[in-house]
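Please keep the sequence and the structure in view while reading.

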Amino acid sequence: IMGSCLGGGMELAMSCQYRLALASSKTQLGQPEVMLGLLPGAGGTMRLPRLCKDYLEAAQLMLTGKSLRAEKAKKLGLINHVVKPLGPGVEDVTHNNLRYLEEVAIDTAGQLASGKLKVKPGEDSWKQYIIKWLMGYQFGRDYIFNQMRGQVKKMTGG
């Protein structure tokens, strides 16, 4: 991922087994279609909470349309590996970074195919365990959904 990965691009990226992103100010991930009143339509509402280490952060991403930089997305579990950008060389910075990102992607794909690299599911934090427990009961689901509803009302002004 190099540049904007928003909406359908984000949903396509989430469907991949392994995600690489360039640590650049231009790299952003998010689902802004919710700001138009649309829900992510290609499985984003199911994949995002599964990939994200924090359910509440996943809900905020889905409900607010905010975007993340690569480093923050890595912390949340949406990105598996962040690649540091290269500086200028014989060619311009963008071309150098694209070529380097392609090399890292090819190497990573080879490691995944050979079994040298395994995709590890993220470990749940104590907050995740509590949320999973709460989601198992109607009162817990009601509480979490009311919290989300309150956040949306606060952002939209009612």
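Asn-96 lies in helix α5 (residues 93-114), where helices (H or I, at least four residues) and strands (E, at least two) are DSSP runs numbered from the N terminus. The model is a predicted one, in which local features need pLDDT of at least 70 and side-chain atom pairs count only at pLDDT 80 or more, whereas totals for chains, interfaces and linings use all residues. Residues are numbered from 1 along each chain as its sequence is written, and side-chain values use heavy atoms, with hydrogens and water left out.

Asn-96 counts as buried because its relative accessible area is 16%; the term buried stands for under 20% relative accessible area, exposed for over 50%, and partly exposed for what lies in between, with a 1.4 Å probe and protein chains only. Setting aside residues up to four places away in sequence, Asn-96 touches Leu-86, Gly-87, Pro-88, Gly-89, Val-90 and Glu-91, a contact being heavy atoms within 4.5 Å. Pro-85 is 11 residues from Asn-96 in sequence, and their C-alpha atoms are 8.6 Å apart in space.

Glu-11, placed in helix α1 (residues 8-14), is likewise buried, with a relative accessible area of 4%. Apart from neighbours within four places in sequence, the residues in contact with Glu-11 are Gln-31, Glu-33, Pro-40, Gly-41, Ala-42, Gly-43, Gly-44 and Arg-47.

| Residue | Helix | Relative accessible area |
|---|---|---|
| Asn-96 | α5 (residues 93-114) | 16% |
| Glu-11 | α1 (residues 8-14) | 4% |

**The pair α2 and α3**

Two packed helices are described by the angle between their axes and the distance between the axes. For helix α2 (residues 44-51) and helix α3 (residues 55-64) the angle is about 150° and the axes are 8 Å apart; axes are lines fitted to C-alpha atoms, for helices over the stretch in contact, and angles run from 0 to 180 degrees between N-to-C directions. On the α2 side the contact is made by Gly-44, Thr-45, Leu-48 and Pro-49, and on the α3 side by Tyr-55, Ala-58, Leu-61 and Met-62.

Within α3, the residues Glu-57, Ala-58, Ala-59, Leu-61, Met-62 and Thr-64 are buried, and their cover includes α2, β4, α4 (70-76) and α7 (138-156).

Strand β3 (residues 28-30) runs antiparallel to β4 and is joined to it by 3 bridges, with Gln-28 standing opposite Arg-69 in β4.

**The chain as a whole**

The protein contains 7 helices and 5 strands, which follow the pattern β-α-β-β-α-α-β-α-β-α-α-α along the sequence. Its C-alpha trace spans about 60 × 35 × 25 Å along the principal axes, and 34% of the 158 residues count as buried. Among contacts with a separation of 6 or more, 60% are accounted for by residues 24 or more positions apart.

How values were computed:
Two strands pair if DSSP finds at least two bridges between them.
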